[in-house]
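Subject: Structure handover

Hi,

Here is the structure I promised to pass on. My notes follow below it.

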Amino acid sequence: DLPSQIINNFSITHDEGFNTVYLAFGSNVGDVFSNIVEALKILSSTKDVTVSKVSSLFQSNPMYFGDQRKFINGVLEVKTKLNPDEVLQLCKKIEYEDLKRVKHFDNGPRSIDLDIILFMNSKNEDIIVSTENLVIPHPRMLERSFVLEPLCELLDPTFSHPITTEPILKHLESIYRLQDEANILWKVTPIINKNHYGKLSDTERFMKYKNNVKLDPFKKTLIHQTVSPTYLMSIVNTTPDSFSDGGHIFNEIEKQMKFVETVYEGTKAFRENIIFDIGGCSTRPNSIQCCQEEEIDRTIPLIKGIRNNEKLDQSRIIISIDTYRAEVARQAIEAGVDIINDISGGSFDAELFDVVAKNPQISYVLSHIRGDISTMSSLNEYEATPSQSNENIKEYLNGELINDNLFYPLIRSVCYELAKRYQHALQKGVKRWQIIIDPGLGFSKKGKQNLEIIKQLPLIKNYSVELPSLKGEGNDYVNFANMPILVGPSRKKFIGDMIEESEPVKRDFATGAMIASCVGFDTNIVRVHNAVDCSKVLKIADELYRSDD
Ligand SMILES: Nc1nc2ncc(COP(=O)(O)O)nc2c(=O)[nH]1
Ligand SMILES: Nc1nc2ncc(COP(=O)(O)O)nc2c(=O)[nH]1
């Protein structure tokens, strides 16, 4: 029952092992995000098929036939006992029976497209197929950034194409070296919470990060650079003791709403969107944590109020909840938030990741921290690199193995510890496409360590690490390619110490300078108290650092 002609005589043994298959998916018709989630669900519920990895989502320009909607593309890894032909039949069933795809013409619009890109048998040998209805590896994969970019997120950097024997990463670089705008992708994270009381039917409500890849004219190396506007996150602390506001808007919903409306009006000249980050429980070092009911009482009514406020254009507003508690996150999603902003990296409440996993349509900020609110300030030793502490760990930068242990121990430790939290998140079913990375300024970092983190932010997207898998056997490969970065330096102590200013509210000018620098270090979202003034800072910084020319 195998395809008639297999070039390499690697038979597909139906032994206890599983074949590994990489499938590229794309959609540009109908409710695109739901099509993709539905296709994943059907694959995951198919006998002898497990979806083991899913890439980020990318918005891409239609290739070959330009006159159609942009696509949302990605790649997934599947472990299966099925042979290539059976996988092909399964893909066709999902496309045409389950998702009712109607094919008008080649390369035209489609509700879902599932293409077999690569196929390895249970001994990890490449299966090459060439029949009239199936060719593996996919014949056009090497010309498609919308396939290779997401595929490289799932593979270790040395993984090579079975026929060219060149690393896939190198093939992707060759596409970008063409410097053709058509190959440029937008990384997207979903903010499609339909609990907006029906106000938002937009099935493609994503935060978008346009990643330009320019050729450095001198060094001939490729420079990845975000060229889309930086997102502005406005802190709305409804706590009585939040160290910067002193609780002046605590417990008076109309005052909180007035604050939100002021920020909404004051930022719309220079920001297309505004994110309101609703915080009901201070996370200042050693602060007393309010109880869950108190946190819910302080936050949920305001979220509902914002979503119901007719004066506000909901399509411009993104709401996040700053909480590490699962129940608060769950109720906030019900109330209409688009992002769970969790300073604990899912480590303070074991159920938090479950809530995020149940809602693949919203985004999640995965932050770096060590210990808990009362211990985090003392846990700021970063002398050793991850590879030094455990020789099973292999770290890469831009796909090259790093051996030098003196080289950036701080950022590498932060990335490695985030990679471990990332493993836990994915094990609970959180999708990579939901995740925004935050290095946690002021959390388990003192003074100048925060500046070092900011200067090394660009490394995060080029960092990857091979580390023991949580299942106990073999290694996982984690990278942060294309992950949006959020930073929250606003009014923090490390800024206050630098300018000898003990009053947080007087640190806004220095915060503005810090924010502009963060944009220069390729940050995608900045979290601030004084959003109105920072919207002007971002206008300047984006003009300087985000211009496409
Ligand atoms: N951006 C984009 N363009 C496209 N053009 C053609 C096809 C048709 O692909 P096929 O030849 O593998 O069916 N798929 C896409 C796609 O998924 N994304
Ligand atoms: N994602 C994210 N969320 C946060 N929430 C609270 C604080 C503590 O500062 P605050 O009390 O001024 O809000 N800092 C962060 C941060 O740095 N990143």
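I540, L544 and Y545 make a nonpolar patch of about 320 Å². Keep in mind that this is a predicted model. L544 belongs to helix 15, which covers residues 531–545. With a relative accessible area of 61%, L544 is exposed, because the cut-off for that label is over 50%.

The largest nonpolar core holds 77 residues. Those with the most contacts inside this core are F276, I303, I306, I340, I437 and F480. Helix 10, residues 409–427, is its biggest contributor, giving 9 residues. As background, nonpolar side chains in soluble globular proteins tend to be buried together.

I looked at I303 in more detail. Setting aside residues up to four places away in sequence, I303 touches I278, I319, I321, A332, A335, G336 and V337.

Next, L352. Where does L352 lie? It sits in helix 8, residues 352–357. Is L352 buried or exposed? Its relative accessibility is 0%, so L352 counts as buried; the limit for buried is under 20%. Beyond its neighbours within four places in sequence, L352 is in contact with Y324, R325, A326, A329, I340, D342 and Y364. One of these, I340, is also on the list of residues with the most contacts inside the largest core. For a sense of distance, take L352 and G371, which are 19 residues apart along the chain. Their C-alpha atoms are separated by 17 Å.

Last, the strands. Strand 9 runs over residues 206–215 and is mostly covered, with 7 of its 10 residues buried. Strand 9 has these pairings:

- Strand 8 (residues 185–190) pairs with strand 9 in the antiparallel sense, over 6 bridges. P190 has F206 of strand 9 as its bridge partner.
- Strand 10 (residues 222–226) is joined to strand 9 by 5 bridges, and the two run antiparallel. K214 has I223 of strand 10 as its bridge partner.

Strands 9 and 10 also form a hairpin. How many residues lie between them? There are 6. In that turn, K220 has a positive phi of about 60°. When you look at the side chains here, recall that in a regular strand they alternate between the two faces of the sheet.

Over to you.

Best regards

Definitions and conventions. Residues are numbered from 1 along each chain as its sequence is written. Chains are lettered from A and ligands numbered from 1 in the order in which they are written. This is a predicted model: local features need pLDDT of at least 70, side-chain atom pairs count only at pLDDT 80 or more; totals for chains, interfaces and linings use all residues. Side-chain values use heavy atoms; hydrogens and water are left out. A nonpolar core is a set of buried Ala, Val, Leu, Ile, Met, Phe, Trp, Tyr and Cys residues joined through side-chain atoms within 4.5 Å. Buried means under 20% relative accessible area, exposed over 50%, partly exposed in between (1.4 Å probe, protein chains only). Helices (H or I, at least four residues) and strands (E, at least two) are DSSP runs, numbered from the N terminus. Contact means heavy atoms within 4.5 Å. Patches are made of residues with over 30% relative accessible area and no salt bridge: like charges are joined within 9 Å, nonpolar side chains (Val, Leu, Ile, Met, Phe, Trp, Tyr) within 5 Å. Accessible areas come from the Shrake-Rupley method with a 1.4 Å probe; for residues, only the protein chains shown count as cover. A salt bridge is a side-chain nitrogen of Lys or Arg within 4 Å of a carboxyl oxygen of Asp or Glu. Two strands pair if DSSP finds at least two bridges between them.
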